[in-house]
Amino acid sequence: MTTDASQSSAPAPWTGRDDGPGPEHRRWHHVAAGATDGGPRVGVVGFASDEGVRRNKGRQGAAEAPPLLRGALAGMAAHRPFALTDHGDTGYEGRDLESGHEAVGTAIAASLDADDLTVVLGGGHETAWGCYLGRARSQRYGTPEAMGRTAVVNLDAHFDLREAPEPSSGTPFLQMAQAEQGAGRGLDYTVIGIAESSNTAVLFDAARSLGATWLLDVDSTEEAAVAAVDKVLARADHVHLEIDLDVLPADIAPGVSAPAAYGVPMRVCSAVVRRLAASGKLRVVDVAEYNPSVDVDSRTAKAAARLVTDIVHALPGE
């Protein structure tokens, strides 16, 4: 990735099918072009990064994902009014992920302060730390007076609590936990879709030590997953949602660094994200780990776009 960390690229064009005038024909690309009549404000921030994946010894390619995810979203039907602001993509020079995190954190904070929901298009799962930095810098949610209790819900086959000498796509939630501890708080962390065979005993011990809760992929029925989300909503004022696309079965999401042999069905993931969105407590959504270089028929991009669309359609408001 060669984008200067101090700059964000111009928003990629949103284009797609046009079946005629009027809201009955409206798609996301129309909303991006300004066709709106109220509803919630949605901001999009791209993070063109896969250095964290490289450091975590995964398959690179996620840096190319943001414009392709926009392309998948562009043609989705918009069945409710909302406003869409594209804040562009943020990157960094060479392998300077740390500068990239600083830049994308600033961009996410700006969106959080301006929009009702911020959707971050990654990028490897190192985007999660950028989302945390954005929340911490937000005047709307990051100050002690405004913060309340923020819970992190992660749809993921992995805990991403790895101890490592430098940040990567495998470390963001440990980074969050350490930052929260430094601020005198604990990380409220729930993971849905954990693959037991992909997480060592050390990672399960780390999750226990942090007081995290989780559902294994084999236990992630719609009923169990929604019940876990309801427990989060009962105690949280704000929710930070992570969607690592490797939580989905490999036939639905082949375009990820680590395709899932088992995975959590799409209908379960949709039920989770819709429940969170309908609560009115969802503030930021991070869509991570899309690797277009290994996708098949854009299946993974389409799955990601469907989940984001489900979220926006479920948001409160007219």
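**Exercise 1. Cysteine sulfurs**

Task: Find the closest cysteine sulfur to that of cysteine 131, and decide on a bond.

Solution. The sulfur of cysteine 131 has its closest cysteine sulfur in cysteine 269, 18 Å away, which is too far for a bond. A disulfide is a covalent bond between the sulfur atoms of two cysteines; here it is taken as a pair of cysteine sulfur atoms within 2.5 Å. Starting from cysteine 269, the closest cysteine sulfur is in cysteine 131, again at 18 Å and too far for a bond. A search of the whole structure gives zero disulfides.

The model is predicted: local features need pLDDT of at least 70, side-chain atom pairs count only at pLDDT 80 or more, and totals for chains, interfaces and linings use all residues. Residues are numbered from 1 along each chain as its sequence is written, and side-chain values use heavy atoms, with hydrogens and water left out.

Task: Are cysteine 131 and cysteine 269 buried or exposed?

Solution. Buried means under 20% relative accessible area, exposed over 50%, and partly exposed in between (1.4 Å probe, protein chains only). Cysteine 131 has 0% relative accessibility, so cysteine 131 is buried. Cysteine 269 has 1%, so cysteine 269 is buried too.

**Exercise 2. Helices α4 and α5**

Task: Describe how α4 and α5 pack.

Solution. Helices (H or I, at least four residues) and strands (E, at least two) are DSSP runs, numbered from the N terminus.

1. Helix α4 covers residues 97–114 and helix α5 residues 127–137; their axes are 7 Å apart, at an angle of about 50°. Axes are lines fitted to C-alpha atoms, for helices over the stretch in contact, and angles run from 0 to 180 degrees between N-to-C directions.
2. This makes α4 oblique to α5. Angles under 35 degrees count as roughly parallel, over 145 as roughly antiparallel, 65 to 115 as roughly perpendicular and the rest as oblique.
3. α4 and α5 cross in a right-handed way. A crossing is right-handed if the near helix is turned clockwise from the far one by less than a right angle, and left-handed if anticlockwise.
4. On the α4 side, the residues that meet α5 are His101, Glu102, Val104, Gly105, Thr106, Ile108, Ala109 and Leu112. On the α5 side they are Trp129, Gly130, Cys131, Leu133, Gly134, Arg135 and Arg137. Contact means heavy atoms within 4.5 Å.
5. By class, the contact of α4 with α5 holds seven nonpolar, five polar and three charged residues. Ala, Val, Leu, Ile, Met, Phe, Trp, Tyr, Cys and Pro count as nonpolar, Asp, Glu, Lys and Arg as charged, and the others, Gly among them, as polar.

Task: How many residues of α5 are buried?

Solution. Nine of the 11 residues in α5 are buried, and the helix is mostly covered. Among them are Trp129, Tyr132 and Arg135.

**Exercise 3. Helices α3 and α11**

Solution. The crossing of α3 with α11 is right-handed. Leu69, Ala72 and Leu73 of α3 make the contact with Ala301, Lys302, Ala304, Ala305, Val308 and Thr309 of α11. These residues divide into seven nonpolar, one polar and one charged.

**Exercise 4. Single residues**

Task: Where is serine 111, and which residues is serine 111 in contact with, leaving aside its neighbours within four places in sequence?

Solution. Serine 111 is in helix α4. At 0% relative accessibility, serine 111 is buried. Beyond its sequence neighbours within four places, serine 111 is in contact with Gly43, Val45, His87 and Thr118.

Task: Where is leucine 210?

Solution. Leucine 210 sits in the loop between α8 (201–209) and β7 (213–216). Its relative accessibility is 31%, so leucine 210 counts as partly exposed. Leaving aside neighbours within four places in sequence, leucine 210 is in contact with Leu161, Ala177 and Leu187.

**Exercise 5. Backbone exceptions**

Task: What kind of peptide bond joins glycine 122 and glycine 123, and what is the phi of lysine 57?

Solution. Most residues other than glycine have a negative phi, and most peptide bonds are trans. The bond between glycine 122 and glycine 123 is cis, with omega about 15°. Lysine 57 has a positive phi, near 65°. Lysine 57 lies in the loop between α2 (51–55) and α3, and at 78% relative accessibility lysine 57 counts as exposed.
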